[in-house]
Amino acid sequence: MLDLRQKPDRPLVAPSVLSADFGAMARDAADAVAAGGDLLHVDVMDGHFVPNLTFGADMIRGLRKHLPGVYLDVHLMVDRPQDYVATFADAGANGFTFHIEVCDPYRTRGVEAAYLIDDIAKAGMLPGLCINPRTPTAWIEPLLDKLDLALVMSVQPGHGGQAFMPEVVDKARRLRDLGGDRLRVEMDGGLDPQTCVEPVRAGVDVLVAGSSVFKADDRAAVIRAMQQTP
Ligand code: DX5
Ligand code: ZN
């Protein structure tokens, strides 16, 4: 099993199963791993935080059963991530990344992020926080010490296959500078062997790739090109 706490010596590629064939999920996910994917990115959407609906704990459990040795990087685009910590840990999630936009330091509308991070770690998963393209890094900077991963969205969350937003790269650079070697900086949305060049230069070390991998004729070539980004 990949240890995401270790600083990788090249960018890691996380194929996003949102772009896999949902009717043949285990087979298609296994194929992306066989093609060289370092870990799998698993997008959970609730139809509220984002309009789209995907899947929940049972899909994580199914992926874990068919791919016992693969790191499952779960990205929750949901309004109430606190409701899923125990069930996702039990289902076999390794990383649990939620959005700061659903949190509230006064806990009048949402969960307080610092408490949720502690609960995720206590459940045995690596805690991650995600920021949307228009959310400033300042919202998560006070929490970086407690995090294993910071995820910068490079599209509006909700769908695969959207165009990369280059204006978010500076946020990744800042998070890399503030977080140091122990923090993984992940980027998600519109990444392919061309668009990932600037993010990698800025210090992004986990590259999520949905459509660029799953829709490719040669998935291994796309993954290799991203892993070998100059
Ligand atoms: C978008 C999801 C992404 C998605 C990326 O809301 O969070 O993980 O799978 O897909 P591509 O790589 O096609 O932009
Ligand atoms: Zn995602």
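This is a predicted model: local features need pLDDT of at least 70, side-chain atom pairs count only at pLDDT 80 or more; totals for chains, interfaces and linings use all residues.
User: Is Gln227 buried or exposed?
Analyst: A residue counts as buried when its relative accessible area is under 20%. Because the relative accessibility of Gln227 is 11%, Gln227 counts as buried.

User: How many Å apart in space are Gln227 and Pro193, C-alpha to C-alpha?
Analyst: Along the sequence, Gln227 and Pro193 are 34 residues apart. Taken in space, from C-alpha to C-alpha, the separation of Gln227 and Pro193 is 8.7 Å.

User: What separates the C-alpha atoms of Thr229 and Val197?
Analyst: Thr229 is found in the segment after α8, and at 10% relative accessibility it counts as buried. Thr229 and Val197 are 32 residues apart along the chain, while their C-alpha atoms are separated by 6.1 Å.

User: Which backbone oxygen does the side chain of Ser212 reach?
Analyst: Ser212 lies in helix α7, which is made of residues 211-214, and it counts as buried because its relative accessibility is 17%, a value under the 20% cut-off. At 2.8 Å, the side chain of Ser212 reaches the backbone oxygen of Leu191.

User: Which residues come nearest to ligand 1?
Analyst: There are 20 residues around ligand 1. Of these, the ones that come nearest are Ser16, Asp43, Gly158, Asp188 and Ser211.

User: Which strand gives the largest share of the shell around ligand 1?
Analyst: At least two residues of this shell are supplied by each of β2 (40-45), β3 (72-77) and β8 (206-209). The largest share, 3 residues, comes from β2.

User: How many residues of the shell around ligand 1 are charged?
Analyst: The shell residues divide by type into 7 nonpolar and 11 polar ones, together with a charged group. The number of charged residues in the shell is 2.

User: How much of the accessible area of ligand 1 does the protein cover?
Analyst: On its own, ligand 1 has 380 Å² of accessible area, and in the model it sits in the largest pocket. The part of that area which the protein covers is 100%.

User: How far apart in space are Ile117 and Asp148, C-alpha to C-alpha?
Analyst: The place of Ile117 is in helix α4, residues 113-122, and Ile117 is buried, with a relative accessible area of 1%. Asp148 has its place in the loop between β5 (126-131) and β6 (149-153), and at 11% relative accessibility it counts as buried. Ile117 and Asp148 are 31 residues apart in sequence, and in space their C-alpha distance is 9.8 Å.

User: What separates the C-alpha atoms of Asp148 and Asp21?
Analyst: Along the chain, Asp148 and Asp21 are 127 residues apart. The separation of their C-alpha atoms is 30 Å.

Definitions and conventions
Residues are numbered from 1 along each chain as its sequence is written. Chains are lettered from A and ligands numbered from 1 in the order in which they are written. Side-chain values use heavy atoms; hydrogens and water are left out. A residue is near a molecule or strand if one of its heavy atoms lies within 4 Å of it. Accessible areas come from the Shrake-Rupley method with a 1.4 Å probe; for residues, only the protein chains shown count as cover. On a 1 Å grid over the protein atoms alone, a cavity is a set of points where a 1.4 Å probe fits but cannot get out, and a pocket is an open set with protein on both sides within 12 Å along at least five of seven lines; lining residues have an atom within 4 Å of a point. A molecule sits in a cavity or pocket if more than half of its atoms lie within 2 Å of its grid points. Helices (H or I, at least four residues) and strands (E, at least two) are DSSP runs, numbered from the N terminus. Ala, Val, Leu, Ile, Met, Phe, Trp, Tyr, Cys and Pro count as nonpolar, Asp, Glu, Lys and Arg as charged, and the others, Gly among them, as polar. Buried means under 20% relative accessible area, exposed over 50%, partly exposed in between (1.4 Å probe, protein chains only). A polar contact is a pair of N or O atoms within 3.5 Å; within protein, one must be able to donate a hydrogen and the other to accept it, and residues adjacent in sequence count only if both atoms are side-chain atoms.
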